[in-house]
Amino acid sequence: MTRECAVLLPGVCAALADPRQPGLDDTCLEKLLDWFRSLTLFDPTVELLQDNPCLTELITSVLALPDPSPSILSFTLQLAGILASSESRFQHLQQGKLLGRLFGQEGPRGGAAWEDASVRSAWVKGVHSMVHHQPALHFLCSTGGMDVIFALQGDSSLFVASAASQLLVHMLTFSLESDTSKALSAKDSDWPACAQMIVKHIEESLQSSSASHIEQSLKLLSSLFGSCFGNCYAAWTEVLWLNIAKQIESFLLEETVQAQPVLANLLLNVARSPVFCGTEGSFWALVTSALEHLTPVQAGPLAVGLLKLCKCPQDVRIQALTVLLQPMDCILRAASQPLEYAGLLDESVSDPVTVESLLSSKTSCAGLLCQTLAHLEKLLSLKHLRVDLPCVSLLRSLMTILQFCNGFLSPTSPLGSTISRNLINCFRVQKSALDVLAALSEKKDCDTLIGSLFDVLLAYLHSPNTSPTVLKKTFQATSKWLVHLQELSCSNSQWQQTEKILEDVFLVLQKRLCSPCWEVRDSSLEFLTAMVKCLRDQKEFRQCLLSSEVLRLTENLLEDPESYVRASAVTVVGHLAFITCFAPESPVIGSQYNKENTVAKLQEILSTDSEGFPRRAVISIFTTWLREGCTGQLEDTEQFVSRVIQTVEHDLDWEVRLGGLELVEVFCSQTICKLSQCPYAPVSSAVTSSTPQNELLQVFCRAKLFGFLFRSLCDCDKPVGQRACDVLIGLRGHFYPMSTLENPQEIEDSPAGRGIAWLQRTLRQGSLAQNFPTDGGDGVDFQDPESMMLALGAIDLLELHDELNKSSDHVEESPQSLLQDILATVGTIEDNEVDCY
């Protein structure tokens, strides 16, 4: 603790304990507690209390109050717990008999204050902070604290109940940490005293007739096995599991127990423990039983969790996959009667009637399918799935679901008719199914269904009943499958099918680009961008694009009334330029889509559009063009960059200015590569005056980069200044080896040097960009190569970098400032200037 803080602390403690003072803001109290946590974290000694007796006096004063406010009592409980986290400070507080009056039987847990949830929560947090040594553990066990914690597991406040459960996990784990002598030969009688109390409580609760007690203990067990306990204490884990396994099994078989979701989570956390990695033993038999007896909704999370485990036995893994596929199998079998196609499964894990009844119910059908589809999407995203998914049947089932949802399939079976009625226009299921459909495009086994699949997708794209959100998902799935189709047609010469599908896609895209709904226009443009990025090199795609009305419609949308749409149109036009302007043999040379017209349109948007989104899109596209080398020879690129940054530096949107700095960074990197002998390494002092270096400086000065970069250092938005500083440091690293930096004292006598010295002072003051002088002000010529070389070598850019990277509130959030603010708030100092929280 600093001397300044030590001087202020007694006043703060006195104010906190004074009932006449107005209550402090909770944020102030939390920040004060955070400060004490940081003070005690690395210093277990008692000096903090001995040097600052006001802390003990604060606790004593609050305990003496007849009716302390809940906020001050809560603060005191947490503070005492933090202070008692080391054994020496614990003993010091015990000498004054303070801990018993806070956490013992004579404390607030027996009084009216206990009715306030914040006090109960603070009591639990204080105990959690304190229990990091054996005396604290013994104190709690001997003063009835364990019974209080057990009771708080069922507290009406979920925050208190959760904190109590976490505390019990911590206490059990800590008591085992403190008694490692018996860990290798663990058995029931060897549990340390505190751990034995917790384990006994769990076992008794599991055998009680109270459903809430059973659920609390199952949640506690789940947290326990999910924590480091299950991984670090293998012997104890096995002992505990053997004691409760029979009871868990009985819960699975008893339909009266309402804790099945908690059981599924518990089994999954136990399965993750190294103790049960082998295939032997009764545990996996219990998991199999759970997959059979839990409902499909309850078993789903367990099944997908098991499939992610590396060491789950293969037969259990197959059973888990079967649980997830059962609803999809039911959909496929219900779609036609008699069966036109084989289902997904040869046999079910649980009774198929259960799944059929859930899908037949209007209330449960969508929920079951959305959960199943979400789990399948997770599995498809895994790089290494240790079971084979029946992708073709799964794809057929997804197509069936989508056809049920838009009413394009009329099943003949009674079950199919019921499911179809339940799913009609169900947006939730449509979106989930389309997500899985997109994920399946990565699989190579579904080629035989690709024609039917595009029929379903195009039906959704055409249908006026498709909602904008579902349409967006359809576009995303379509773009993924178009890439797959293109790969397929390249390998097996199915050009005609590809061409027909592309023509159909462009026809529907033309329609959607004219939609009165701006979300639809926006999604259509995003889809077109995705297609151009992936397929611009494919001849069939380019032909279909250029023979459609899409180019004209897209250009019209540059003037759309909705700014999001204009921004998306800018992005599309920018990527279409790779086909219309920048291709070696551009098919539209001489038309309105030539390079000059496109650049002029986008520059006009950058300088005149009233909204930030389109302007951000323009600067992003210009940077993409520059990276791809599409802006022509160096002279053309230099003029292009110069025009852009002169527009951008006055933009009111900081993200546009930041985009301009990214453009400059790319330009500098590319120019250095073109003009330097060694493009990646800093040059030695022997060649700093060589022609390439002079030419580089002249290019950067002609492009007016330095004025833009130095003014950006003083930008009122910090990310802009940080990026500008990074670019300048990168340039200095190229022009100057570290040993040859200029000495500011030596150069200040020259006219240019005086300007550089002024610039250094201005930058240190952090003047706002609008107050920064124009080129030539105070003798600084930002277009003079010699001056800019001096500036790069003399200005302390690293110091500026450190300043820019400091948090804006690094002073205001210091402990000293916090203590001053508290004193100002309670009116004990005259200068009442308080930070705004």
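**Contacts of Ser 217**

When neighbours within four places in sequence are set aside, Ser 217 is in contact with His 201, Ile 202, Ser 205 and Leu 206. The model is a predicted one. Ser 217 belongs to helix H13, which covers residues 211–226. Its relative accessibility is 1%, and because the limit for a buried residue is under 20%, Ser 217 counts as buried.

The wider chain gives this residue its setting. The secondary structure consists of 43 helices and zero strands, and 53% of the 837 residues count as buried. Among contacts in the chain with a separation of 6 or more, 71% are between residues 24 or more positions apart. The chain exposes about 37500 Å², of which carbon and sulfur atoms supply 51%.

Not counting residues up to four places away in sequence, Leu 434 touches Leu 402, Leu 457, Val 470, Lys 473, Thr 474 and Ala 477. Met 399 is 35 residues from Leu 434 in sequence, and the C-alpha atoms of the two are 9.2 Å apart in space.

Burial can also be followed along whole helices. In helix H37, residues 705–713, nine of the nine residues are buried, so this helix is largely enclosed by the rest of the structure. Besides Leu 705, Phe 706, Phe 708, Leu 709, Phe 710 and Leu 713, the buried residues of H37 include Gly 707, Arg 711 and Ser 712. In helix H43, residues 815–825, the buried residues are Ser 817, Leu 818, Leu 819, Asp 821, Ile 822, Leu 823 and Ala 824. Helix H1 (3–17) and helix H2 (26–41) are among the elements that cover these buried residues of H43.

For helix H33 (residues 612–627) and helix H34 (residues 634–648), the angle is about 160° and the axes are 12 Å apart. H33 is therefore roughly antiparallel to H34, and the crossing is left-handed. On the H33 side, Ile 619, Phe 622 and Leu 626 take part; they meet Thr 637, Phe 640, Val 641, Val 644 and Val 648 of H34. Sorted by class, this contact of H33 with H34 has seven nonpolar residues, one polar residue and no charged residues.

Helix H38 (residues 718–735) and helix H42 (residues 797–805) form another pair, with axes that come within 10 Å and cross at roughly 155°. This angle makes H38 and H42 roughly antiparallel to each other, and H38 passes H42 in a left-handed crossing. From H38, the contact is made by Lys 718, Gly 721, Gln 722, Cys 725, Asp 726, Leu 728, Ile 729 and Arg 732, while H42 provides Leu 797, Leu 798, Leu 800, His 801, Leu 804 and Asn 805. The residues of the contact between H38 and H42 comprise seven nonpolar, four polar and three charged.

Definitions and conventions: Residues numbered from 1 in each chain as written. Predicted model: local features only at pLDDT ≥ 70, side-chain atom pairs only at ≥ 80, totals over all residues. Heavy atoms only, no water. Buried < 20%, exposed > 50% of the residue type's maximum accessible area, 1.4 Å probe, protein only. Helix = DSSP H or I, 4+ residues; strand = E, 2+ residues; numbered from the N terminus. Axes fitted to C-alpha atoms, helices over the stretch in contact; angles between N-to-C directions. Parallel < 35°, antiparallel > 145°, perpendicular 65-115°, else oblique. Left-handed = near helix turned anticlockwise from the far one by under 90°. Contact = heavy atoms within 4.5 Å. Nonpolar A, V, L, I, M, F, W, Y, C, P; charged D, E, K, R; others polar. Areas by Shrake-Rupley, 256 points an atom, 1.4 Å probe, with all protein chains shown as cover.
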